[in-house]
Amino acid sequence: MTQQSGLSQGQVPPRSQASRQFLVGLGRGGAGALIFGLPMLMTMELWSLGFYIERYRLLLLLLINMPLLVVLARRIGFEQTSTWREAIRDATVAYAIAIAMSAAVLFLLGIIKLDVPATELLGKIAIQAVPASIGALLGRSQLGGHQDDGPADEEGETESEVITSYGRELFMMAIGALFLSLNVAPTEEIILISYKMTPWHALATLALSILIMHAFVYAVAFRGAHQLSRGTPRWHAFVRFTLPGYVIALAISLYVLWTFGRLDDTASTQVLMAAIVLGFPGAIGAAAARLIL
């Protein structure tokens, strides 16, 4: 009589299952990096920025991106993460995927060649890897199936869900604002629009940005939209989340514009105009992050 195995027929060993889930996560990460990073990979201004951007600004952007990825990975990594060490691993893998994907696409499109100077080659890949790395981690959130995310409890929530504190909510809004701002800030249209706008246009854009940001999260019933608890006044969410979120989006806009050299030798009034213009997509990105993440 043969000895029965400790695993029932068709059951996957825990280690093999974990390895499979991680490999599936890598595939989703590659898909996410390509989908979310492709707009920047095919943007001419980003090709030029990789060549002439001041290296200390690029280095600062890369250093800032890493802790953002770690926090994002802690919430939606390639697999269920229970420790910060695992989140750091997932963030590092996401960065590696983004670098590889960016290099492959830029080579495929003929944007970079092996005979170009190393500084130009590394600069173009590095600047593209920032949004692509965020996209790599978003791949699990947006492209993943619920069946892989862990067993659901009685309330329909999975074990991978993380309770979100107020500080983490604001941090996630910063990631969303940074991601969308990076897609738009390199283009010349941001500066052109800011020069064409009057102060009244700027005020209207500011008010509309705040209104849309609040409506996305609380009014139009998107999947993942937040509901105010009974007895909570409507102004509470506006003051506690929407206004701070917009301030964060404006701060991110200023930082991104500075990184890309858009604020050099620019009057303070025009700096504010450019920040409000970029703050419009930044606010939408911040609101979307609260829905998605």
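**Aromatic pairs: a short tour**

Hi everyone, let's start with a cluster: Tyr56, Tyr255 and Trp258 are joined by ring pairs. Here, rings of Phe, Tyr and Trp (its six-membered ring) pair if their centres lie within 6.5 Å, with planes under 30 degrees apart counted as stacked, over 60 as edge-to-face and the rest as tilted. Before going on, a word on the source: this is a predicted model, where local features need pLDDT of at least 70 and side-chain atom pairs count only at pLDDT 80 or more, while totals for chains, interfaces and linings use all residues. Residues are numbered from 1 along each chain as its sequence is written, and side-chain values use heavy atoms, leaving out hydrogens and water.

How many aromatic pairs does this rule give? The count is three.

Take Phe36 and Phe179: their ring centres are 5.8 Å apart and their planes stand at 70 degrees, so this pair is edge-to-face. It connects distant parts of the chain, with Phe36 in helix H1 (residues 14-41) and Phe179 in helix H6 (residues 166-184), 143 residues apart. Helices are DSSP runs (H or I, at least four residues), numbered from the N terminus.

Is Phe179 buried or exposed? Phe179 is buried, at 12% relative accessible area, whereas Phe36 is partly exposed at 21%. Buried means under 20%, exposed over 50%, and partly exposed in between (1.4 Å probe, protein chains only).

Tyr56 sits in helix H3 (residues 55-76) and Trp258 in helix H9 (residues 234-259), 202 residues apart. Tyr56 is partly exposed at 48%, and Trp258 is partly exposed at 28%.

Methods
Helix = DSSP H or I, 4+ residues; strand = E, 2+ residues; numbered from the N terminus.
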